[in-house]
Amino acid sequence: MRLDLAALLGTALPIIQAPMAGVQGSALAIAVSQAGGLGSLPCAMLAPDAIAGEVAAIRAAADRPFNLNFFCHVPPEPDAAHEARWRERLAPYYAEYGIDPAGIGAGAGRQPFSAALCDLVEPLRPPVMSFHFGLPSPELLARVKGWGARVLASATTVEEGLWLQAQGADAVIAQGLEAGGHRGHFLSDDLSRQSGLFALLPQLVTALEVPVIAAGGIADAAGVSAAMALGAAGVQVGTAYLLCPEATTSALHRAALQSEAARHTALTRLFTGRPARGIVNRVMRELGPMSPDAPAFPLATAAIAPLRAKAEAAGRGDFTPLWSGQNAAGCRPVPAGELTRTLAEGLGVR
């Protein structure tokens, strides 16, 4: 028997807009929630006051369920030698753009869910919370579930799905290898253990008792229908929303998504230090997308950021993380509500 994801989430449709840090704010989440799906707000790169402001905007615009997404990575210890090696690899590019490496600061840029963030979020009472890279500590998770929030989390293997279920996740997101952005793996860094969605999904459906949400490569109603046929309780869609007017996707990123370049994506750790799928660009080709010289997540970001800024000012995406899944064919510049309703046709709903 298929588990009722919409009933669990309190939405009209079992369609979740994937949280996409850096390319969206509350506007995209609002549009999806108003159309009957679950709009999501990525919070890992937001300051605390920004989170509160965005939640207020969502609540003012739509009295519908919404999702706040956080990362659960363990911040690495800074490694001066590794950082120096990384900056040495980037030195020719610094010279090309006239950047003084001595003036480049360090910093993480992305924060994991913490007690301080839980203190901030708890009074906001978000109805759904989703997590990437595992789950927060049992104590923090108990607080989240204590205010009644439904908890979702990403799994890239059956083992991760079983772990999430055992820890108390209300539903598991099956993240196929096709998906854009950061891989959600957390039990193993071995990418050979990762598989495509339509291999992973039925295994998780068989292994788990909680609803399984399909994510990765789903860009149209046909993809939704296929995922549901394999037992998914719902879908999570990201890349297809990137061209919607409610997204804050840059002009460079939008152009890349609509070009032939979007046909070639790869996992790369150059931009953050953790494997994430994006459109192949100059720095990925020249340094190798999985170069071990990039520091651990999220410490790689600081050194490459000035190059990104200089190149973007010149109209080039050579150092920009052009996040995209393997199937950008469904990317169209249509309102997010319209896209959500089109996806729902794969559920037999119009």
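The questions and answers below treat these topics in turn.

This is a predicted model, in which local features need pLDDT of at least 70, side-chain atom pairs count only at pLDDT 80 or more, and totals for chains, interfaces and linings use all residues. Residues are numbered from 1 along each chain as its sequence is written, and side-chain values use heavy atoms, with hydrogens and water left out.

Reader: Which strands are the edge strands of the open sheet?

Author: Eight strands form this open sheet with parallel pairing, in the order E1-E9-E8-E6-E5-E4-E3-E2. Strands are DSSP runs of E of at least two residues, helices runs of H or I of at least four, both numbered from the N terminus, and two strands pair if DSSP finds at least two bridges between them. Pairing on one side only marks the edge strands, E1 (15–17) and E2 (39–42).

Reader: What is the arc within which the buried residues of H8 fall?

Author: Helix H8 (residues 197–207) has Leu197, Leu200, Leu201 and Leu204 as its buried residues, where buried means under 20% relative accessible area with a 1.4 Å probe, protein chains only. The arc is taken from the directions from the helix axis to the C-beta atoms. These residues line one face of H8, because they fall within an arc of 100°.

Reader: How many residues apart in sequence are the parts that Tyr93 and Phe319 tie together?

Author: Tyr93 and Phe319 form an edge-to-face aromatic pair, 5.1 Å centre to centre with 75° between the planes; ring centres must lie within 6.5 Å, and planes over 60 degrees apart count as edge-to-face. Tyr93 lies in helix H4 (residues 80–97) and Phe319 in the loop between H12 (301–313) and H13 (336–344), so the parts tied together are 226 residues apart in sequence.

Notes: Buried < 20%, exposed > 50% of the residue type's maximum accessible area, 1.4 Å probe, protein only. Phe/Tyr/Trp six-rings, centres within 6.5 Å; stacked < 30°, edge-to-face > 60°.
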